Amino acid sequence: MQIEGRLKQSFSDGLETVKIINVETIYSNYDKPNKTIFSTYAMIHFLSQNISSKQATAIGLLAVALWSFVISLIRSLSLHMGAVGGAAMMYTLSTVLIWLIFGRPHLRNYNRGYLLWASIFFVGCELCLSLSVGFAQNARQTVEIGMVNYLWPTFTILGAVCFNGQPAKWWIGIGFVLSFFGIATVLGGDGGLSLSGIYHNVRTNPAGYLMALADALFWAAYCTLTARVKAEGSSVGFFFMLVSLLLWAEYFIGGTNSLNFDAESVGYALAAASCMGLGYAVWNIGISRGNMTVLAGASYFIPVFSALVSSFVISAPLSVQFWQGAGMVCAGSVVCWLATRRKQMV
């Protein structure tokens with residue numbers, strides 16, 4: 001199926017925190033580790049080759065669980081180290097972990113034009129995600145901003161249709177509309193789908209909601225670009241390093257001095273970084289040896305899982321209307337995905 005072939009590389013290039021489309025898209029392009037990769041990655045690869053399909057699927061599902069914690073952990077970390085300082089620390093630790101697991105990225109495999117635009121899209125995405133969540137005014141707003149970010153699967157599939165020539169059924173529009181009605185229901189607050197409720201809610205922190213929307217668009221653009229040029233290899237470590245450097249530059253220029261290195265702050269930093277970095281590692285095991293259908297189905301429900309985790313970790317008060325909207329966002333993404341699928345030849 002063409003959508004899976006065209007988008008497979010965008011995932012092998014590195015799928016961030018809370019960003020998954022379809023595990024089937026990268027299975028056929030799984031890259032075996034070479035001699036330049038660190039022993040940690042070799043160990044993970046060895047493990048992935050010596051377990052059953054059911055075990056690999058269970059390990060892959062850990063990535064869904066890990067990424068479901070990212071939004072709430074970013075929020076908790078920002079309360080201890082500040083929005084910018086906390087994000088800088090998290091991405092620095094994630095960079096180290098990703099380099100240990102995946103090895104040093106080989107930038108010679110990419111042309112300069114791709115690296116330029118991919119860097120802009122990827123870095124823009126990560127900056128918008130971390131800062132929009134970090135500057136949220138309260139726990140409920142954190143979850144709402146995270147939900148806006150989860151429009152990215154719909155945008156990515158639409159990008160494949162509009163720019164990469166991916167065939168799609170006419171009812172892909174239903175999925176698109178369903179996703180946006182879901183977001184509108186979430187942003188409407190306790191009143192549900194209400195224009196006045198959306199207006200009063202968004203105007204309390206317009207920058208945060210706009211950054212969350214930009215985050216979804218940036219990631220969709222990155223996936224579409226990477227699939228279009230058929231980039232090979234894994235450059236996610238390089239992009240994470242760029243994010244870290246920009247955040248540290250902003251932190252020191254701003255002179256906020258918000259970093260705290262008490263046990264609780266360091267614990268949140270390590271937890272957030274681990275959920276990102278280790279998520280990539282266990283995801284690779286799942287996609288290489290596990291059940292693609294199970295992993296794909298689970299990935300589409302990360303918005304709901306993330307909201308559920310946030311309701312406990314940061315005590316976010318979530319109404320019935322919120323859960324209805326979250327369900328519509330998930331359903332819209334699934335409809336868009338189904339509209340691009342083709343029957344596989346047996």
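1. A residue is called buried when its relative accessible area is under 20%, exposed when over 50%, and partly exposed in between, using a 1.4 Å probe and protein chains only. Of the 346 residues of the chain, 57% count as buried.

2. This is a predicted model, in which local features need pLDDT of at least 70 and side-chain atom pairs count only at pLDDT 80 or more, while totals for chains, interfaces and linings use all residues. Residues are numbered from 1 along each chain as its sequence is written, and side-chain values use heavy atoms, with hydrogens and water left out.

3. The chain has 17 helices and zero strands. Both are DSSP runs numbered from the N terminus: helices are H or I with at least four residues, strands are E with at least two. Contact means heavy atoms within 4.5 Å. Among contacts between residues at least 6 apart in sequence, 85% join residues at least 24 apart.

4. Two packed helices are described by the angle between their axes and the distance between the axes. Axes are lines fitted to C-alpha atoms, for helices over the stretch in contact, and angles run from 0 to 180 degrees between N-to-C directions. The axes of helix α6 (residues 83–102) and helix α7 (residues 112–134) come within 9 Å and cross at roughly 135 degrees. That makes α6 oblique to α7; angles under 35 degrees count as roughly parallel, over 145 as roughly antiparallel, 65 to 115 as roughly perpendicular, and the rest as oblique.

5. On the α6 side of this contact are Ala83, Val84, Ala87 and Tyr91, which meet Glu126, Leu129, Ser130, Leu131 and Gly134 in α7. By class, the contact has six nonpolar, two polar and one charged residues. Here Ala, Val, Leu, Ile, Met, Phe, Trp, Tyr, Cys and Pro count as nonpolar, Asp, Glu, Lys and Arg as charged, and the others, Gly among them, as polar.

6. Ile74 is found in helix α5 (residues 70–81). Ile74 counts as buried because its relative accessibility is 4%. Leaving aside neighbours within four places in sequence, Ile74 is in contact with Met90, Ser130, Val133 and Gly134. The C-alpha atoms of Ile74 and Leu129 are separated by 9.3 Å, although the two are 55 residues apart along the chain.

7. Helix α17 (residues 320–340) has 21 residues and reaches 31 Å from its first C-alpha to its last, close to the 30 Å expected at 1.5 Å a residue. The expected span is 1.5 Å times one less than the number of residues. Buried residues in α17 include Phe322, Gly325, Val329 and Trp337.
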